[in-house]
Amino acid sequence: SAASDVYKRQLYLLFVISLFSLNVQAQELNAQVIINADLVNQTNQQIFKTLERSLNEFINTRSWTNVEFLPQEKITCSFVINLTSYNASKFEGTLQVQSQRPIFDSNFDSPILNFLDKDISFNYEEFQPLFYNPSAFESNIVALISFYIYTILGLDADTFKFKGGSSYFEQAQKIVNLSQLSGQKGWKQNESVRNRFWLIDTMRSNTFKEYRETMYAYHRKGMDVMTQSPEKGKKEMMLALSGLEKLFMRRPNALLLQLFFDAKSDEIVNVFSSGPEVDFDQTAALLKKIAPFFLPKWKQIK
């Protein structure tokens with residue numbers, strides 16, 4: 001009937017408006033997804049392009065929080081999937097996740113996360129819709145990407161407000177809990193000492209609290225004052241780094257120590273190799289002790 005046609009048209013219009021308003025909301029991330037399939041023996045590359053496009057849209061057009069982000073506050077991040085095999089809709093490979101945050105009053109970005117997930121696998125059919133459901137496991141690719149998004153959001157918030165990222169880490173923990181039942185790799189504690197389970201478990205644990213304390217002090221009290229007062233900024237950064245010694249004494253092989261310096265080692269070298277001089281000897285000795293695997297870098301600081 002004409003009345004039902006009008007009703008359908010109104011419903012359709014409402015649907016279009018709601019879609020539009022979803023996309024108008026400020027998104028939190030400025031993410032780039034790259035799928036590298038060079039190692040995969042596959043003549044038709046189209047599926048990799050489709051997956052790359054779908055993931056870029058999935059991350060960048062969705063609101064992941066209820067916080068309004070201004071355009072200049074968006075978190076720059078990247079997800080590089082290096083595929084090692086693809087067979088009958090099953091993908092396997094590694095995932096490199098990186099994120100950074102702007103430094104107050106400057107054009108610089110500070111690296112926050114640089115993590116290699118060495119063991120990812122997921123099933124994906126071309127044009128399969130990607131949908132994140134906070135209360136259910138939908139697919140491993142959605143779980144993987146969503147887990148790292150909430151980890152990125154949590155770490156970013158931690159650098160602006162002390163323990164500001166707790167609610168995002170909780171969300172990442174929920175994704176781990178739901179994903180464990182899927183039987184997919186990387187979600188269980190007994191599979192590896194450096195997987196998604198341990199990444200979020202240690203981040204939320206009081207045993208490793210110095211990592212989050214240092215992340216806050218290093219950025220908010222150190223890096224963010226560098227433009228106004230480089231000397232004060234450097235001293236605050238050294239103070240923040242000294243906080244990691246307690247963590248080292250308790251757990252010398254902690255994943256979070258490695259995580260911190262994987263992101264920060266180059267920045268530390270750059271900051272302390274230029275600008276006003278500070279007494280760096282004590283910090284240099286500390287870095288050699290708690291992050292010996294970066295010794296060649298620490299030697300560059302003059």
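These legends describe close-up views of a predicted model. Local features need pLDDT of at least 70, side-chain atom pairs count only at pLDDT 80 or more, and totals for chains, interfaces and linings use all residues. Residues are numbered from 1 along each chain as its sequence is written, and side-chain values use heavy atoms, without hydrogens or water.

**View A. Helices α4 and α5 pack together.** α4 spans residues 166-180 and α5 residues 196-204 (helices are DSSP runs of H or I, at least four residues; strands are runs of E, at least two). Their angle is about 145 degrees, with axes 10 Å apart (axes are fitted to C-alpha atoms over the stretch in contact; angles run from 0 to 180 degrees between N-to-C directions). From α4, the contact takes F169, E170, A172, Q173, V176 and Q180; from α5, R196, F197, I200, D201, M203 and R204 (contact: heavy atoms within 4.5 Å).

**View B. Side chains alternate along strand β1, residues 29-36.** L29, A31, V33 and I35 point to one face and are buried (under 20% relative accessible area, 1.4 Å probe, protein chains only). β1 pairs with strand β2 (residues 75-87) in the parallel sense, over 8 bridges (pairing needs at least two DSSP bridges). Q32 stands opposite S78 in β2.

**View C. The largest nonpolar core holds 90 residues** (buried Ala, Val, Leu, Ile, Met, Phe, Trp, Tyr and Cys joined through side-chain atoms within 4.5 Å). L29, F79, F261 and I268 touch the most other members. Helix α3 (residues 140-160) gives the largest share, 13 residues.

**View D. Contacts of F261.** Leaving out residues up to four places away in sequence, F261 touches L241, L244, I268, L287, I290, A291, F294 and W298.

Notes
Buried means under 20% relative accessible area, exposed over 50%, partly exposed in between (1.4 Å probe, protein chains only).
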